Amino acid sequence: MADSASSRMTDTDVDEEFVHDIAATLSSAAMAAIGPEIPDLFSYAPPVIDSLETETSYKQNEVVQDCLEYLTAKDKDLVYNLRGVGLLERDAHKAFLHKGLGRYPDRFVPADASRPWYLYWCLSALTLLGEDVSSYREKLVATAVSMQNDYGGFGGGCGQTSHLATTYAVVLALALVGGEEAYEVIDRRAMWRWLCSLKQPDGGFQVAVGGEEDIRGAYCAAVIITLLNLPLNLTPESPAWTGDESKTLFTGVADYVKRCQTFEGGISEKPDTEAHGAYAFCALGCLSILDAPDRIIPKYLDLPRFVSWLSSRQYAPEGGFSGRTNKLVDGCYSHWVGGCWPLIEASLNGPRKEGDVPKSTLPPASSSLFSREGLIRYILCCCQDMPRRGGLRDKPGKSSDPYHSCYVLSGLSSAQHQWRWAPLLRDGTDGWIVSPYSDEVQIFEEEDRVVPIHPVYAIPQKNVDGIRRYFSAKEGF
Amino acid sequence: MPPKGKAAAKPKEAATTTSKPTTAPPPPPSPSTVNDRTQQRTQATNPHAATLALTSGLSTLSPADKTLWINSRFARSPALRAKLGTKAQRDLWRHVNEANLPVRSLKPLPPKTPTSIWGIDKTGRDIGTYPIPQFDDFTAKRARLTALIAASHSFASHRRRATLKIPDPLTNEPVLLLEADISAERRRRTEMASLRADLYGTRSSNSKSYASDPEWDDVTPTLLEEPEGATLAAIAYPDDYAEAISYLRAVMVRKEYSPRCLRLTEHVIQLNPAHYTVWLYRASILFALGVKVPEEIQWLNGVALANLKNYQIWHHRHLLVDQYYPVLEGDEKARDDFARGEAEFMTRMLEEDAKNYHVWSYRSYLVRKLGLWKAGGERERRLVEEMVEEDVRNNSAWSHRFFVVFSDPEQSTEGVGATEFDPRVPGEIVDRELGYALGKIGLAPQNQSPWNYLRGALVKGGRKLGSVRGSVEEYVTGLGTEEEEVRSTHALDLLAEIYAEQGETEKADLCLRRLAEKWDPIRAGYWGWRRAMLEQKKDS
């Protein structure tokens with residue numbers, strides 16, 4: 001029986017349904033007898049639990065109970081390997097995501113201002129699953145054109161005001177399909193002027209003219225500026241213009257990020273509010289664009305506090321991450337929190353050049369600072385919306401959607417790989433180098449490995465290189 | 001002709017034959033519903049119809065009833081009557097008269113589906129089940145709507161003549177469109193819309209149509225012009241939404257800031273509150289028109305409660321406060337009233353979701369903007385304390401408290417980071433906060449919120465972590481022994497730092513090791529790194 005199940009990983013000619021059945025039988029019958037290898041850490045409630053019940057603890061206990069069902073290989077709709085890890089239902093997820101790029105019925109009107117996000121989420125998740133999405137190029141070009149405004153940037157749709165979040169999503173989507181035709185959609189001159197109009201005197205960016213200023217805006221702007229190789233100087237129309245020509249689009253951004261660190265160590269949406277996982281990634285991503293992570297992150301953040309807070313986001317037995325203290329795990333933080341770890345590790349480890357004195361006064365991360373096993377178990381056991389719908393989700397009991405599919409798979413990618421900030425082979429400058437993570441026993445099946453993505457831009461390195469190379473070869477706009 | 005049957009004979013026969021429901025029953029009870037009335041009328045005008053429908057034919061009727069039935073048929077049909085001689089016709093009429101037969105009759109109800117003849121209303125209810133007065137009201141409204149539609153058509157052709165300068169066909173005079181005509185039409189359309197909604201429930205198809213509203217005649221809607229193939233993740237718009245945003249695009253392009261645009265934004269927000277563009281546009285209109293901020297806030301409260309997860313609402317509120325600030329700045333009472341109203345509303349919102357990030361984010365903005373650090377008898381700290389009483393694990397409430405206490409410009413230094421020592425924080429405040437956090441830790445020691453707060457307050461106040469050593473050690477006993485008992489992993493975490501601070505590196509290392517091995521192994525990688533930090537510290 002066990003042999004038949006493992007043959008599924010290698011023998012692709014075997015009838016899918018048939019193997020499915022055998023594997024399912026294995027999970028319910030044979031596994032009950034021999035039992036899959038699941039550590040206690042992921043099989044039982046944590047050792048310290050308070051007796052006082054409040055709304056928070058009530059919800060937390062419920063989620064633990066729900067997750068344990070999936071984590072201990074008891075779910076009938078998943079196929080588990082011998083370590084009790086669910087197999088990645090790649091085809092079901094691909095089908096869900098292709099559908100996600102199709103037409104939506106009228107009850108999706110509330111998503112009308114987020115259409116660019118749907119493009120990015122679906123294309124990114126498909127890419128992570130190994131799909132070639134360049135076949136969407138033509139349609140994406142037409143769709144993106146309809147969202148671009150003459151004054152620069154992209155809105156949520158035709159006639160909608162340009163917004164940094166939707167612009168970020170469109171630019172990344174274009175980078176994912178790649179090709180000159182896609183890159184040339186972007187009016188870079190107008191984009192630069194528009195970005196200048198969003199830049200605020202305190203260093204941050206408004207998300208739209210007259211919109212809110214938050215750290216999301218700063219991260220999106222930094223991504224757009226560097227992917228499109230835009231000039232950094234400010235226009236005199238910019239609210240941040242002082243007449244001092246040395247002030248640029250990046251002036252004060254790092255200080256703005258610094259002001260978003262809270263007493264807990266995490267990062268908030270804007271100064272004065274609660275630390276939140278999504279903004280933690282924006283902060284680190286933004287800083288890592290401005291300078292080498294080992295230089296800039298320790299300079300602007302209280303790193304020991306940040307790491308303490310970040311590490312507290314991982315719960316057992318769930319294995320996944322929460323976004324805030326005392327909140328529930330959610331698959332999307334696999335990216336927002338999970339995606340912080342490569343940047344943290346880079347900032348601690350720095351470039352490993354011969355004779356280099358470590359820039360950080362903190363010890364290097366000699367092994368993984370978070371439980372990759374926990375995260376992988378949570379993703380593959382709890383976040384797959386099976387058997388019918390496909391796609392990935394927040395947690396058991398929720399439905400999949402493109403947003404969670406994208407960020408759960410991004411998180412899976414960072415758990416399966418290891419990024420190093422190191423001297424690049426060819427020109428000697430520092431850059432990101434990726435390799436499969438191999439310091440521990442691999443609990444997932446090799447065929448369930450997803451594509452590695454760039455730790456800052458969250459799309460594959462080759463797509464980052466493609467768009468940057470294209471625009472840096474251009475003279476002027 | 002056969003002799004007519006006497007009505008008086010009926011009750012007798014009724015008792016013995018199958019022809020139970022026949023002519024001249026005692027006057028029926030007055031009908032309660034439309035269907036009842038129809039039923040009664042049909043029966044009254046179709047003698048024996050019910051019986052005949054149930055049986056195979058005339059043979060089941062008594063001879064008298066048979067005659068009656070035949071006579072009623074002849075009476076109703078001029079074609080049949082024409083076949084009779086004069087005498088027979090006279091006889092017929094005499095019989096008809098004596099039996100009081102109906103000369104006209106309702107078409108018999110179709111068998112089996114007797115209830116659907118009046119149709120169904122907007123709620124799916126059979127109109128036939130309406131009580132008579134309600135039905136009369138319904139009919140009157142329908143008549144009124146028909147009259148209004150006719151008048152509206154006439155206005156439309158009048159307006160067309162006026163615009164195209166076509167003279168009146170009867171008088172050959174030029175047609176003028178008077179303001180009075182337009183306002184009459186506007187009233188008419190309002191009434192039509194409400195009648196339509198009332199009768200048919202078609203709120204969106206006609207009643208809110210901009211194309212048929214003369215107020216919008218000067219606007220050419222910008223229809224969605226999506227290039228061919230721009231179909232990725234496209235949403236099939238309902239007609240009302242598609243129309244509303246086509247007008248929105250048009251007025252936004254011409255930068256119109258008018259009351260009608262304000263109403264349009266309200267309509268679009270109602271259809272899609274996540275449409276950030278319409279919110280930004282709405283704010284511009286409000287400020288251009290000088291609309292009163294409290295009124296807008298009142299309206300906004302309703303929208304916020306109906307859309308708990310929406311965040312555009314909170315930025316809009318933020319913009320409103322910025323706009324209103326000059327009024328509040330110089331008027332302490334107005335500011336206090338406003339702050340109290342906002343606090344009440346946020347309390348209401350937080351009852352729905354105590355950790356709503358956007359509400360808390362707006363709240364901290366408001367405190368800083370209006371300087372509410374200690375306002376209203378330390379209202380902020382009190383309200384947040386109430387929320388912590390409710391759920392001691394509400395980290396949003398803890399975070400807000402930290403902000404209110406440690407960012408108050410009267411007792412803090414601008415520019416000092418949140419995780420840094422601030423010499424301006426008074427010692428008694430630090431003591432109070434440490435006491436508060438330790439008290440709450442006692443309720444549920446594994447709750448991380450007050451631990452983070454405690455550590456944060458210690459650092460802010462420049463205190464040694466070791467100053468709380470005794471309180472923290474209460475939660476850990478017999479460390480490293482057989483009797484090891486840990487009531488809080490966060491205590492163990494803090495103890496590791498306290499011991500390190502006091503040079504007891506071995507003990508600190510033991511804390512971290514036990515966390516990794518037993519008490520919090522999911523974070524083993526992190527605890528390992530912390531051990532490396534200890535090692536490094538020891539070496540240096």
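## Exercises on helices and the chain contact

**Exercise 1.** What should helix α6 (residues 86-99) of chain B span at 1.5 Å a residue, and how far apart are its end C-alpha atoms?

Solution. Helices are DSSP runs of H or I with at least four residues, numbered from the N terminus. The expected span is 1.5 Å times one less than the number of residues. For the 14 residues of α6(B) this gives 20 Å, and the end C-alpha atoms lie 20 Å apart, so the two agree. After α6(B) comes Asn100(B), with a positive phi near 55 degrees.

The model is predicted: local features need pLDDT of at least 70 and side-chain atom pairs 80 or more, while totals for chains, interfaces and linings use all residues. Residues are numbered from 1 along each chain as its sequence is written, and chains are lettered from A in the order in which they are written.

**Exercise 2.** Describe how α22(B) packs against α23(B).

Solution. Axes are lines fitted to C-alpha atoms over the stretch in contact, and angles run from 0 to 180 degrees between N-to-C directions. The angle here is about 170 degrees, with the axes 8 Å apart. α22(B) is therefore roughly antiparallel to α23(B) (the term covers angles over 145 degrees).

**Exercise 3.** How many residues does each chain give to the contact between chain A and chain B?

Solution. Residues are in contact if their C-beta atoms, placed from the backbone, lie within 7 Å. Chain B gives 73 residues and chain A gives 75. On the side of chain B, the largest share, eight residues, comes from α23(B).

Note on methods:
Two residues are in contact if their C-beta atoms, placed from the backbone, lie within 7 Å. Helices (H or I, at least four residues) and strands (E, at least two) are DSSP runs, numbered from the N terminus. Angles under 35 degrees count as roughly parallel, over 145 as roughly antiparallel, 65 to 115 as roughly perpendicular and the rest as oblique.
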